[in-house]
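I opened the notebook today to go through one model step by step, writing down each thing I looked up as I went. The entries follow the order in which I asked.

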Amino acid sequence: MEPWEEEEGPEVVKHFMYVNRRAPYGTIFAHECLEVVLISAAFEQDVSVAFMDDGVYQLKKNQDTTGIGMKNFSKTYRALDDYDVEKIYVEKESLDARGLTADDLIIPVEVVSTQAMRDLLGQQDVVISS
Amino acid sequence: MAYEYNGTVVEHDEEGYITDISVWNPELALLIAADENIEMSDDAWEVVNFLRNYYEEYQIAPAVRVLTKAIKKKLGPDKGNSRYLYELFPYGPAKQACKIAGLPKPTGCI
């Protein structure tokens, strides 16, 4: 097989959901989780990403990290579309509690209730929380 | 481990990716390309510049499948296909072109 020929897809496709619950900076959980999401997607797995609690801040528009000396990686969420990650869920109650709406977020998302999020979590093969 | 040119020393990791992406310049790119046995044609430069713009916009180096799709969207199907990109960069368009572009190893390559 020549290197440019398409390989066959993976034998097993699992449903992965990555749940982000922490603020984007201060720890590296958010950044690391985003990398793992992109890697899973590159391996053609069925990937969903969820944001709840302070995790919703990861998607906040107009982040400015100059004061804390960390890379502003929020632009990378816009690459999720290129990696064919289209199932992005944000919990409504978490947005409401922080005075945010979908318009404050850097990418289009599906805003879902706590109950709907619970149902989505129940549908996964693997849930990774960070 | 380092590249050296005109008395300048630029550190790189064990695979040849430069460790400080801010020191990149086109002259260094030519040196890395020579190391990879890549001739930097206009077409090769187009891909390297595309990757640098992609990094500027998204802060990541894309995996090969994503790169191919993004090039197809921007430059059309004649260039946005694996065969064309592998002709320019035989050991993997994302890996080799990213290295020459001074970017980190693509996200999603192992």
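Predicted model: local features only at pLDDT ≥ 70, side-chain atom pairs only at ≥ 80, totals over all residues.

Entry 1. I looked at the face of α2(B) that is turned away from its buried side, and there I found the exposed residues D42(B) and E56(B).

Entry 2. Next I asked which residues of α2(B) are buried.

Entry 3. I took the dimensions of the helix, and with 17 residues α2(B) reaches 24 Å from its first C-alpha to its last, which is close to the 24 Å expected at 1.5 Å a residue. Following the chain past the end of α2(B), I came to Q59(B), whose phi is positive, near 65 degrees.

Entry 4. I turned to the contact between the chains, and noted that 15 residues of chain B and 14 residues of chain A take part in it. On the side of chain B that touches chain A, the elements giving two or more residues are α2 (42-58), α3 (64-75) and α4 (82-88) of chain B, and the largest share, 4 residues, comes from α3(B).

Entry 5. For chain A I wrote down 3 helices and 5 strands, which read along the sequence in the pattern β-α-β-β-α-β-α-β. The radius of gyration of chain A is 16 Å, close to the 14 Å that the globule rule gives for 130 residues, so chain A is as compact as a globular protein of that length. I also noted the box that the C-alpha atoms of chain A fill, roughly 55 × 35 × 25 Å when taken along the principal axes.

Entry 6. Finally I asked what percentage of the 130 residues in chain A is buried, and the figure came to 32%. Of the contacts in chain A between residues at least 6 apart in sequence, 73% join residues at least 24 apart.

Notes
Residues numbered from 1 in each chain as written. Chains lettered and ligands numbered in written order. Contact = placed C-beta atoms within 7 Å. Rg over C-alpha atoms; globule rule 2.2 N^0.38 Å. Buried ≥ 20, exposed ≤ 12 C-beta atoms within 10 Å, placed from the backbone. Expected span 1.5 Å × (residues − 1).
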